[in-house]
Amino acid sequence: MTPTEARINAAAMRLFTSRGGPDVTMSELAEEAQVARGTLYRNIESVDKLYSGLIDNITTEIHAGIAATLDDTGADDPALRLATGIRLFTRLPHDNPPLGRFVVRFGLTEESLHTVLAGPPMHDIETGIATGRYTVPATMTLSIASLVVGSTVSAMGLVLEGRQTWRDAGSIIAELILRALGIAPDEAQRIATAPLPGFAATGG
């Protein structure tokens, strides 16, 4: 990504977050990004495509970064991978507040949910069910994915509002989800409070 593209994306993320969607004109985006309209037109096809592309790219990059971190640690327990992923995601508003606000605002959109359903989080959920790590039927897979996404986005919102630290919010949500999946309370708490691997948040 070129510096100009990065500047445009950052400006778009701020505007989309404040407006709640792609209701932004090219002139407004050019002004926010501090680039000429001609430069803007050379770098993006339309505001709508920039909006959907940003959501897709950001969620894909975040999930890929977390999955790579988990793979580097050698973690193969689905419950540990799920809990760690939730906690690292909840840390994003602390590491990068603008990115955190964007994800909270648009984390439940069709594009974001598609990324979850097609990516590493769904694989870990399916593995946990298939191996008997979770005591829930496979028919609940999609509902579990929705529960994880909704709960994690809500936890991120608590961090942004200053109601909880990212450590508390992430661990509490991770523990509650593990318990809902059939993990014993003591084990769920231990997994949800285990030391975290390092993770560099996308965009900062």
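This report covers helix packing, aromatic pairs and selected residues in a predicted model.

## Basis

The model is predicted, so local features need pLDDT of at least 70 and side-chain atom pairs count only at pLDDT 80 or more, while totals for chains, interfaces and linings use all residues. Residues are numbered from 1 along each chain as its sequence is written, and side-chain values use heavy atoms, with hydrogens and water left out.

Helices (H or I, at least four residues) and strands (E, at least two) are DSSP runs, numbered from the N terminus. Axes are lines fitted to C-alpha atoms, for helices over the stretch in contact; angles run from 0 to 180 degrees between N-to-C directions.

## Helix α6 against α9

Helix α6 spans residues 97-106 and helix α9 spans residues 141-160. Their axes come within 9 Å and cross at roughly 140 degrees. That makes α6 oblique to α9. Angles under 35 degrees count as roughly parallel, over 145 as roughly antiparallel, 65 to 115 as roughly perpendicular and the rest as oblique. The crossing of α6 and α9 is left-handed. A crossing is left-handed if the near helix is turned anticlockwise from the far one by less than a right angle, and right-handed if clockwise.

On the α6 side, Pro97, Gly100, Arg101, Val103 and Val104 make the contact (heavy atoms within 4.5 Å). They meet Val153, Met156, Gly157 and Leu160 in α9. By class, the contact of α6 with α9 has six nonpolar, two polar and one charged residues. Here Ala, Val, Leu, Ile, Met, Phe, Trp, Tyr, Cys and Pro count as nonpolar, Asp, Glu, Lys and Arg as charged, and the others, Gly among them, as polar.

## Helix α8 against α9

Helix α8 covers residues 120-130. The axes of α8 and α9 come within 10 Å and cross at roughly 130 degrees. The two helices are therefore oblique to each other. The crossing of α8 and α9 is right-handed.

Met122, Ile125, Glu126 and Ile129 of α8 touch Thr141, Leu142, Ile144, Ala145 and Val148 of α9. By class, the contact of α8 with α9 has seven nonpolar, one polar and one charged residues.

## Aromatic pairs

The structure holds three aromatic pairs. Rings of Phe, Tyr and Trp (its six-membered ring) pair if their centres lie within 6.5 Å; planes under 30 degrees apart count as stacked, over 60 as edge-to-face and the rest as tilted. Phe16 and Tyr51 have ring centres 5.3 Å apart and planes at 85 degrees, so the pair is edge-to-face. The pair links distant parts of the chain, 35 residues apart. Phe16 sits in helix α1 (residues 3-19), and Tyr51 in helix α4 (residues 47-73).

Both Phe16 and Tyr51 are buried. Buried means under 20% relative accessible area, exposed over 50%, partly exposed in between (1.4 Å probe, protein chains only). Phe16, Tyr51, Phe102 and Phe106 form one aromatic cluster.

## Selected residues

Gln34 lies in the loop between α2 (26-33) and α3 (37-43). Its phi is positive, about 60 degrees, although Gln34 is not a glycine. Most residues other than glycine have a negative phi. Gln34 is exposed, with a relative accessible area of 68%.

Pro3 is in helix α1. At 70% relative accessibility, Pro3 counts as exposed. Asp95 belongs to helix α5 (residues 78-95). Asp95 counts as partly exposed, at 29% relative accessibility. The C-alpha atoms of Asp95 and Trp166, 71 residues apart along the chain, are separated by 9.7 Å.
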